[in-house]
Structures are given as C-alpha cells and as structure tokens.
Amino acid sequence: MALAVERKKELVEAYKTHDSDTGSPEVQVALIQTRIRELTEHFRTHQKDHHSRQGLFRLVSKQRRLLRYLYKQDVQRYRNLITQLEIRDTISGRRG
C-alpha cells in the first residue's frame with residue numbers, strides 16, 4: 001500500500017520547507033498521515049487484516065514521535081502542520 005510516485009511528489013512539494021527539502025518533519029508527517037488515512041479506509045472493508053493493522057500502529061507511533069520532535073523544536077511550525085493536515089493536537093490536547 002505504498003504511495004504512488006506522483007502523489008508522493010505532490011505531498012513533498014506542498015509541505016517542503018526549502019527547495020531541496022525531502023526529509024523535514026513536515027514532509028515526513030504529511031506522507032505518514034496520507035498512508036494512515038489510506039490504511040484506515042482499507043480497514044473499513046477488511047476488518048480482519050491484523051498484519052496491516054500492526055503496520056498502521058507503527059506508522060501512528062512514528063508520526064507521534066515526529067510531531068513531538070517538531071513541537072519541541074518550533075511550536076509554530078507544529079501548529080501550522082496540524083492545522084494543514086487536520087489532525088488532532090496530541091501534545092496540548094486541542095483539536096487542530
């Protein structure tokens with residue numbers, strides 16, 4: 001269930017912080033969030049796919065670690081990202 005090359009390029013372009021950026025926390029979280037949403041949709045029809053569910057849990061954990069890192073580095077970048085991606089603010093407990 002990997003992302004298509006074109007979709008990945010679109011996400012990198014949308015969330016990059018500078019011209020040659022491919023690995024900033026913003027880009028990584030955006031890619032992970034897209035995969036999480038795709039897997040969540042997958043589980044609506046395949047409830048018993050436990051192996052993929054374990055992969056989903058790993059993605060969620062990785063995303064939380066990246067968001068915690070971004071929050072510690074720059075709170076404003078963190079808030080902008082959770083607002084753009086429409087994800088819940090797990091650090092301060094607010095809705096983004």
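## Helix α3

In α3, the buried residues are L56, L59, Q63, L66, L67 and L70. These buried positions of α3 pack against α2 and α4. The model described here is a predicted one.

Helix α3 is made up of 24 residues. From its first C-alpha to its last, α3 reaches 35 Å, which is close to the 34 Å expected at 1.5 Å a residue. An α-helix has 3.6 residues a turn, so residues three or four places apart point the same way.

## Where α3 meets α4

Helix α3 spans residues 50-73, and helix α4 spans residues 75-85. The two pack at an angle of about 135 degrees, and their axes are 5 Å apart. Angles over 145 degrees count as roughly antiparallel and those from 65 to 115 as roughly perpendicular; α3 and α4 are therefore oblique to each other.

On the α3 side, the contact is made by L67, L70, Y71 and Q73. On the α4 side, V75, R77, Y78, L81 and I82 take part. Sorted by class, the contact of α3 with α4 has 7 nonpolar residues, 1 polar residue and 1 charged residue.

## L70 and L81

L70 is found in helix α3. Its relative accessibility is 1%, so L70 counts as buried. Leaving aside neighbours within four places in sequence, L70 is in contact with P25, E26, V75, R77, Y78 and L81. L70 and R35 are 35 residues apart in sequence, and their C-alpha atoms are 20 Å apart in space.

L81 is one of the α4 residues in the contact with α3. Not counting residues up to four places away in sequence, L81 touches Y15, E26, V29, L67 and L70.

## The largest nonpolar core

The largest nonpolar core has 22 residues. Which of them touch the most other members? They are Y15, V29, L67, L81 and L85.

The elements that give two or more residues to this core are α1 (5-15), α2, α3 and α4. Helix α2 provides the largest share of the core, with 8 residues.

Is Q33 buried or exposed? With 7% relative accessibility, Q33 counts as buried. Apart from neighbours within four places in sequence, Q33 is in contact with Q63, L85 and I87.

Not counting residues up to four places away in sequence, V27 touches V12, Y15, K16, D21 and T22. V27 and Q84 are 57 residues apart along the chain, while their C-alpha atoms are separated by 12 Å.

## E86, after α4

E86 is found in the segment after α4. E86 has a positive phi of about 55 degrees, although this residue is not a glycine.

Is E86 buried or exposed? A residue counts as exposed when its relative accessible area is over 50%. The relative accessible area of E86 is 58%, so E86 is exposed.

Terms used:
Residues numbered from 1 in each chain as written. Predicted model: local features only at pLDDT ≥ 70, side-chain atom pairs only at ≥ 80, totals over all residues. Heavy atoms only, no water. Axes fitted to C-alpha atoms, helices over the stretch in contact; angles between N-to-C directions. Helix = DSSP H or I, 4+ residues; strand = E, 2+ residues; numbered from the N terminus. Parallel < 35°, antiparallel > 145°, perpendicular 65-115°, else oblique. Contact = heavy atoms within 4.5 Å. Nonpolar A, V, L, I, M, F, W, Y, C, P; charged D, E, K, R; others polar. Buried < 20%, exposed > 50% of the residue type's maximum accessible area, 1.4 Å probe, protein only. Core = buried A, V, L, I, M, F, W, Y, C linked by side-chain atoms within 4.5 Å. Expected span 1.5 Å × (residues − 1).
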